Amino acid sequence: MPGYEYVDFGGRRNYNKENMNIRGYIMGFVYVIIGIAVLTLITVLANLRVVPQATEFVVELLGKYRTTWKAGLHCKIPFFERVAKRVTLKEQVLDSPPQPVITKDNVTMQIDTVVYYRIFDSKLYAYGAVNPIGALENLTATTLRNLVGELELDGTLTSRDTINGKMTAILDE
């Protein structure tokens, strides 16, 4: 008999076949909604980024520069944005190998350099040069050769502070 209902021995209600189909559709719909909600939550949580203190993130939207994130909590647009570069703003050390330098009186000497640097502009650091650390190393070596090339051997040994001051002024430009 269609549309009948009976109670079994456990006190549960059993419905006819028509009511069972509607109930199945509703449960399927609920499962799909729960699945979409879980995937959305996972996607949002996977795209939250915490930028630590003294660090900046350079963010690209579809391969083009969009913004620079400072320290704090940020959310990126899934599938469209990416963190292109993580830049530390702390002071760093660049230790160069000994460089052969010729003085004004044609004496060759080996000079070892140590450069302390700090990044001020993350966008310029990320997009300004292909290898910014290599560029800094080459600029330091070239500047040192030029400064020592103007001095005689005795002048290079006694005027270390003068060379450091000129190097700092030139590299800060």
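Phe79 is exposed, with a relative accessible area of 77%. Here, exposed means over 50% relative accessible area, buried under 20%, and partly exposed in between (1.4 Å probe, protein chains only). The model is predicted: local features need pLDDT of at least 70, side-chain atom pairs count only at pLDDT 80 or more, and totals for chains, interfaces and linings use all residues. Residues are numbered from 1 along each chain as its sequence is written, and side-chain values use heavy atoms, with hydrogens and water left out.

Phe79 sits in the loop between strand E6 (72–75) and strand E7 (81–88). Its phi is positive, near 70 degrees. Asn106 also has a positive phi, near 60 degrees. This residue is in the loop between strand E8 (92–102) and strand E9 (108–117). Asn106 is exposed, at 66% relative accessibility. Most residues other than glycine have a negative phi.

The chain contains 5 helices and 9 strands. Both are DSSP runs numbered from the N terminus (helices H or I, at least four residues; strands E, at least two). The order from the N terminus is β-β-α-β-β-β-β-β-β-β-α-α-α-α. Of the 173 residues, 23% are buried. Contacts (heavy atoms within 4.5 Å) were counted between residues at least 6 apart in sequence, and 50% of these join residues at least 24 apart.

The largest nonpolar core has 8 residues: Val101, Met109, Ile111, Leu144, Leu147, Val148, Ile163 and Met167. Such a core is a set of buried Ala, Val, Leu, Ile, Met, Phe, Trp, Tyr and Cys residues joined through side-chain atoms within 4.5 Å. E9, helix H3 (132–149) and helix H5 (160–171) each supply at least two of the core residues. H3 gives the largest share, 3 residues. Beyond its neighbours within four places in sequence, Met167 contacts Thr140, Thr143, Leu144 and Leu147. Another core, of 5 residues, lies apart from this one and includes Val51, Phe57, Val59 and Val83.

The chain exposes about 12800 Å², of which carbon and sulfur atoms supply 59%. Areas come from the Shrake-Rupley method with a 1.4 Å probe; for residues, only the protein chains shown count as cover. Ile22, Ile26, Met27, Val30, Tyr31, Ile34, Val38 and Ile42 form a nonpolar surface patch of about 750 Å². Patch residues have over 30% relative accessible area and no salt bridge; nonpolar side chains (Val, Leu, Ile, Met, Phe, Trp, Tyr) are joined within 5 Å, like charges within 9 Å. A salt bridge places a side-chain nitrogen of Lys or Arg within 4 Å of a carboxyl oxygen of Asp or Glu. Val38 belongs to helix H1 (residues 17–46). Val38 is partly exposed, with a relative accessible area of 43%.
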